[in-house]
Structures are given as structure tokens and as C-alpha cells.
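Good morning, and thank you for coming. Please look at the structure on the screen while I go through a sheet, a helix pair and some aromatic contacts.

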Amino acid sequence: MKANNQAQYEDRLFDLLNLDDEGLEMVKKAILQNQLDDAFAVLKQYFIERTSPRMYLQKEEIPQVCGYVHVHCSDEVQEVLQTADEVVSQTFLFRFQWDMERTRVPVSFDQLIDWNHIQGNDVEWAYMLNRHRYWIALGQAYQLTGDVKYASTFCLQLEDWIDRNPVPSEQTRSTLTWRSIEAGLRCSNWIKALSYLIESQVMTPRLFAKMLVSLHEHAEYLASSFTGWSNISNWGVIETSGLFQMSVFVPEFKRTLHWQQLTAERLRETSRLQVMKDGIHWEQSPTYHHEVLNCFLDIMTLAQKNKMTMEASFTRSVKSMAAASLYWARPDHRQVMLGDSDNNDIRSVMTAAAIIFKDPVFRFAGWEKVDFDQAWNFGPEGIRYYEDCPVQIPPQQSYAFEHSGHYVMRSGWEEQALYLYFRCGPLGGGHGHADMLHIDIHAYGKDLLTDLGRYNYSDHTPLRKQLKHCSSHNTTVVDDIEFTEVIDTWQFGRIASRTGTEWISEPNFDYVSGSHDGYIHLDDPVYPSRSIIFVKPYFWLVVDCFRSQNEHTFKQFFHFAPGQLSLSQETGICRTTNENDANLCIIPIQTAGLKAEQSEGVISYEYNLVEPNQYVTYERTGSGTTSMMQVLYPLRAGETSIPIVEKVPVYLYTGELAEDNSVEACRIVIPHSTEQYIIVVCHRAPSSHIDSYMVDGTQIFGEVVLISLKDKVKEITVIK
């Protein structure tokens with residue numbers, strides 16, 4: 001059976017190639033003389049010696065890259081060698097950062113690899129197995145050590161996979177091995193792995209021929225079907241990336257020009273449809289934003305190396321995605337765990353963007369030196385450019401992605417800076433979570449308030465669905481009713497939509513507000529909103545407001561990164577108590593009628609990983625206009641003093657005490673400082689002279705007003 005299968009591949013290969021191409025004369029001559037073994041040997045040697053096209057590395061660059069990573073990337077070298085050794089023993093653990101679904105438990109096969117194996121009821125394991133990212137590690141390990149076992153393992157597993165997984169007659173999702181997303185990823189992974197292994201003696205000319213035919217089958221499979229869904233899905237980008245890389249890698253195929261035409265059209269459409277006006281991928285998940293961006297960057301890398309002109313609209317879209325990544329990232333260079341996202345460091349992505357776009361701002365957001373992955377992608381020339389490239393601090397600190405509904409408040413660009421992320425935008429499809437009005441906080445080098453992650457994509461555990469719920473995010477709910485209904489891993493029922501946002505950013509403060517319609521379906525509709533004022537560089541005031549006719553119960557959720565936590569029932573003050581680390585203090589403004597509760601929860605920083613954490617809920621019952629306000633105050637490691645926070649009475653300018661459902665104010669006194677602030681929040685916009693108020697002896701007129709006092713100098717700022 002194997003011999004017949006091999007013969008099938010031998011018979012097909014030379015029909016697929018343009019044998020009249022320059023450089024293939026000896027191949028054609030051997031075929032005409034019916035010397036097939038010689039033809040395969042000459043073909044392999046031709047691929048080894050050709051200087052065009054340029055893939056990620058030329059063969060003469062590989063020793064330089066190996067020397068570089070041994071010196072500068074020792075941890076990654078050890079990770080790659082460990083992975084390669086495991087794969088040699090047919091043990092699989094998906095551990096690389098941009099493996100979309102990482103695993104924690106190694107799986108071993110004693111005999112043949114079961115390419116359809118499902119581990120732990122999670123079908124994603126089989127998909128990861130069939131993407132073959134670990135074969136790149138085999139190739140790199142071969143180059144780093146010279147040990148032929150890595151090349152032998154690659155060849156054995158490659159041929160086994162090809163023989164036992166024939167290409168379907170048409171695109172299908174009914175198999176574990178031939179979904180189009182896996183086919184696209186395999187094209188990229190095989191091509192990269194082959195470039196490190198092609199000169200090995202164990203990569204026989206016949207096996208090389210078989211691999212080329214299989215890659216051709218992959219390309220035709222990817223070319224065969226591309227729907228409107230493909231245009232809007234990250235799958236479409238991953239498929240197109242694989243097809244593009246095939247069209248560059250083997251220009252000798254007769255179908256290459258057709259593939260190039262298809263990829264040009266598909267890149268134009270996917271980048272136009274999937275990248276929103278502000279650079280965010282429409283699926284609203286940083287993990288998939290970066291998966292798409294990585295594909296686009298690979299495409300641009302090969303285009304530049306081969307002097308291919310890409311459409312200006314495509315290049316603009318890719319650059320806008322990289323800029324979005326820069327401004328979206330936390331001070332520790334990691335993406336927020338919005339939607340189905342892990343706690344990934346994005347510096348490798350930004351390093352690639354800096355090299356491709358020759359951009360010193362992207363260089364600021366990348367690694368200090370070219371990292372392991374990008375060293376293999378860009379080689380010595382890219383490493384030299386990166387070392388000489390100037391570094392420029394981004395021109396903006398706080399940033400609003402108003403089209404997609406993401407807002408970042410930032411005190412600066414240093415790693416110790418204060419950072420708050422606010423979410424008020426569209427769901428983003430199956431990878432979205434019920435997270436409207438969610439916030440993250442990172443300060444003084446520490447993750448403080450956070451999304452809880454995704455855990456996995458399998459409905460066999462209730463945790464998957466739980467982590468998508470509203471209550472698993474730092475947001476609010478009404479009467480314990482979810483404002484967006486989560487049905488299962490990918491499906492939703494009723495979905496909340498934003499009803500308004502506002503953003504103001506000034507040197508001394510940031511302001512954002514958002515609202516949604518998730519409770520208008522109730523018999524007595526409730527209209528929730530959240531406003532956040534950032535008084536730089538100290539604290540945030542969070543104002544949650546609910547408007548209804550009848551009485552309801554309103555609840556806020558605050559989920560913390562793992563660590564110690566304390567809650568005072570008397571004052572409602574919640575604070576983390578992490579030794580030798582930054583902490584966060586949550587100080588309620590109005591404690592009357594406010595219930596606070598501390599609970600145990602879980603957090604998932606990466607796929608298939610879960611660990612304990614804690615969260616706090618604040619609850620209040622009311623009707624009409626009901627508010628819940630807290631000061632969120634980060635403390636540096638070792639600091640213990642928290643601000644004095646008190647409610648300040650507000651009077652009409654005629655002298656009568658104003659009601660809380662109209663306007664509220666609070667004073668915040670910064671510890672060990674002469675600074676104090678009064679923030680006045682009107683729960684409805686001023687519309688007449690009667691809405692002019694007196695606060696602490698000062699008459700004000702505005703919806704949100706900041707009164708600052710420093711060294712006995714008072715400054716009044718109307719925020720809005």
C-alpha cells in the first residue's frame with residue numbers, strides 16, 4: 001500500500017511543475033530519459049541551491065542565527081530542544097506562546113501516532129496535533145545541535161502523516177486533520193521546518209517529492225473554497241497566509257500564478273473587512289487579533305524579501321493593527337485577556353512590526369534585542385537593523401479605540417505606569433464574552449483587576465461557559481440577570497449592545513463613559529451606565545449608575561489577580577495585601593445600604609490552565625436613579641497608607657441640600673501629600689440655572705467637575 005501511494009506521488013509531481021523553468025533543465029532531461037531517481041535527486045539539489053525565492057532564511061544565514069540565539073535566547077533554545085526531544089519520543093505538549101490552544105499534560109504514543117486522538121474531551125488537542133508547529137522545533141534543533149535524530153523524526157512523522165491522511169475531495173470540517181485552518185497552518189509550518197532540514201541525508205529525494213505533492217494538494221485545497229464567511233473570519237486569513245507562502249515557496253508549480261491571484265484578492269478583502277477603522281480585529285479578542293496580525297506580518301516578510309509590491313490598503317491595515325497592539329498592551333507588554341485570550345507577551349509581534357515597517361515607535365514596544373522567533377524569521381540583516389534602529393516613545397499615552405469600543409487610560413509608558421482598560425463595544429462573534437463595561441487595572445508592575453480568561457473550548461466542563469458570563473467580568477449585573485446570554489462555547493442568545501460612549505483625555509485627567517441596552521427587555525427596563533475618571537497619576541473614580549422606575553438589585557464584580565485580599569464589612573474597603581508587590585484599594589464613597597462580599601474564584605491565564613483567585617461583589621437595591629461609586633487606588637510595593645475618602649454634601653446654589661439621585665461628590669486626600677481632590681458627578685446633564693451647585697464653598701456648573709487643591713491653590717476643571 002505504501003509503495004503504491006509513493007508511486008502515485010512520483011507519477012504526479014512532474015505533471016505539476018513547469019519543467020521549462022530556468023534551472024529545471026536537468027530535471028526535465030532525466031525524466032525524458034526515464035531516470036526518475038536521478039530526476040528526484042536533481043530536483044532536490046535544485047531546491048537546495050536556488051537563490052530565489054528568498055524564504056525566511058537563506059541556508060548561509062542559518063549558522064549565524066544559531067550563534068545569535070545561543071548567546072541571546074538561551075531560555076528559548078532550551079524550550080525548543082526540550083520540545084524536539086519530546087517529539088522524537090512521540091510525546092506532545094503544546095507549549096509555545098502563540099500555540100492557540102496550549103496544553104499542560106504531555107501525551108505519548110508508543111506505536112503509530114494517532115492523528116485523530118482527542119485528549120480530555122477537548123477536540124482542540126487533535127487540531128493542535130495536526131498543525132505541526134512542533135516540526136519547526138525539530139528543524140531548529142537539528143540546526144542547533146547537528147543531531148540527525150531530529151531530521152529523522154521529522155521525515156518519519158511527515159511521511160506517516162501524508163500516507164494516512166489523504167486530502168479530501170472538497171473542503172470539510174468533518175475531519176480532525178483537514179479543516180482549512182489546519183491546512184493553512186501546516187503550509188507555513190512545513191515550509192519553515194523544511195528550510196532547516198532539506199539538506200539532511202534522511203530527507204530523501206523521494207520523500208522531498210512526496211512533500212511537494214502534498215503541499216500542492218494543500219494549496220489546491222485552500223484555493224478551492226473561499227466563502228463570505230472566510231472573508232470575515234480569522235480562518236480566512238490563516239488559510240490565505242498558508243496559500244500565499246506556498247505561492248512564494250514553489251513558483252515552479254503550474255498553478256502558482258493562480259494562487260498568487262487568489263491571495264492578492266483575498267488579502268485585499270480580509271484586511272478590509274476584518275480590520276476595524278481603529279485597527280482592532282473585529283472579533284474583539286487580542287489572541288485572535290494577534291493570530292491574524294502574525295499571519296499578515298509573515299506575508300509582508302516574504303513580500304519584502306522577494307521585492308513583491310503589496311497593495312497600499314493592505315499595508316495600511318497591517319500597520320494599523322500593529323499600532324492598535326501597541327496602545328492596547330498593558331505596561332508589562334502583555335495583551336489583556338479580553339474574550340478568548342491568554343496572558344501573552346506581545347513583544348515578539350512588535351519586534352517583527354518594527355523590522356517590517358522600520359518604525360522606531362514599534363521598536364519601543366518590542367524586545368530589547370531580536371527574540372528567538374524573529375531571529376529565525378528575519379536573519380542577520382533583520383537583527384542588524386533592529387540593533388541600529390532608534391527607539392521612540394509613542395506620541396500618545398491614553399488612547400481611545402472608539403470605533404471598536406476599547407479605551408486605555410495610562411499615566412506613562414514606563415513599566416511601573418498606571419493602566420486601566422475599559423470595554424464598551426460589540427460582542428465580536430463566538431470568541432466574545434459577556435463583558436460590556438468591564439475594566440482591567442495594572443499598576444506599578446502588577447496585574448490587579450483582570451478578566452478571568454477562557455480555560456478551554458470544550459462544553460464538557462461548566463467552567464468554559466462560566467468564564468464567559470457577565471459575572472466573570474469586572475462589570476455590573478441587575479437582579480442577577482445576565483445582560484448577554486451565553487448558551488454554550490460559541491453561541492449566544494440575547495446580546496447587549498452599547499448605547500453610547502464618551503471619551504475625554506487631557507494631561508491631568510481622562511474621562512470615559514459607556515452604557516448598554518442589556519436590560520431594556522425587562523418588564524421594568526433598567527438603563528446601566530459606567531463612568532470612570534482618572535486623576536493622574538493617582539487613582540480612578542468609578543461611577544456605576546442605574547436608572548429604572550421600580551426597585552431592583554444592582555451588583556458590581558471585581559475580580560483580582562491571584563494573591564491575598566481583605567474586605568472590611570464596616571467600611572466596605574477592599575484591598576489586596578500582597579507582600580513585596582503592588583496592591584489595589586477599593587474605597588466605596590457611599591456605604592449606607594451597600595453590601596460587600598468576598599468570594600473564592602478561578603482565573604485562567606492560558607488555555608487549559610486554571611488557578612484560584614478571589615473576587616469581591618458590591619450590592620445595592622434601589623429605584624429611580626441608583627449609583628455605586630468607588631475610588632480605585634493603587635499602591636506601590638511596600639506602601640500601606642491609603643487616601644482619606646469622604647462623601648461631600650452638595651447644595652443647590654439657593655442653599656438647599658441636593659439629593660443623591662441628582663448629584664454626588666466626594667473628597668480624596670492623597671496620603672503624605674498636600675494634594676486633595678473633590679469630584680462632582682451629576683447623574684443628569686445640567687439643563688437650567690437650578691443645576692448650578694455649591695460644593696465645599698465653590699459654585700460649579702457642569703456634569704462632571706474636578707476641584708483640585710494643592711498648596712492652598714484651588715483649581716476648578718469642568719471635565720464635561
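I begin with strand β5, residues 419-423, where five of the five residues are buried, so the strand is largely enclosed by the rest of the structure. Buried here means under 20% relative accessible area, with exposed over 50% and partly exposed in between, using a 1.4 Å probe and protein chains only. Strands, of at least two residues (E), and helices, of at least four (H or I), are DSSP runs numbered from the N terminus.

Before going further, a word on the basis: this is a predicted model, in which local features need pLDDT of at least 70 and side-chain atom pairs count only at pLDDT 80 or more, while totals for chains, interfaces and linings use all residues. Residues are numbered from 1 along each chain as its sequence is written, and side-chain values use heavy atoms, with hydrogens and water left out.

In a regular strand the side chains alternate between the two faces of the sheet. In β5, Tyr419, Tyr421 and Arg423 point one way, and Leu420 and Phe422 point the other way.

Which strands flank β5? On one side, β4 (residues 406-410) runs antiparallel to β5 and is joined to it by five bridges; tyrosine 407 has phenylalanine 422 as its bridge partner. With β6 (residues 439-443), β5 pairs in the antiparallel sense over four bridges. There, tyrosine 419 is partnered by histidine 442, and leucine 420 stands opposite isoleucine 441. Pairing of two strands requires that DSSP find at least two bridges between them.

The whole sheet is open, with five strands in the order β3-β4-β5-β6-β7 and antiparallel pairing. β3 (399-401) and β7 (446-449) are the edge strands, each with a single partner, so one side of each is left without a neighbour in the sheet. On average, neighbouring strands are turned by 15° against each other, direction ignored. Helix α15 (residues 312-328) packs on this sheet and touches β3, β4 and β5, its direction making about 50° with that of β4. Contact means heavy atoms within 4.5 Å.

I turn to two helices. α3 (residues 36-49) and α10 (residues 205-224) pack at about 70°, their axes 8 Å apart. Axes are lines fitted to C-alpha atoms, for helices over the stretch in contact, and angles run from 0 to 180 degrees between N-to-C directions. The two helices are therefore roughly perpendicular, the term for 65 to 115 degrees; under 35 counts as roughly parallel, over 145 as roughly antiparallel and the rest as oblique. Among the contact residues are Phe40 and Phe47 of α3 and Phe208 and Leu212 of α10.

Finally, the aromatic pairs. Rings of Phe, Tyr and Trp (its six-membered ring) pair if their centres lie within 6.5 Å, and planes under 30 degrees apart count as stacked, over 60 as edge-to-face and the rest as tilted. By this rule there are 38 aromatic pairs. One of them, phenylalanine 109 with tryptophan 125, is tilted, at 6.3 Å centre to centre and 55° between the planes. Phenylalanine 109 lies in the loop between β2 (107-108) and α6 (124-129), and tryptophan 125 in helix α6, so the pair ties together parts 16 residues apart in sequence. Both phenylalanine 109 and tryptophan 125 are buried.
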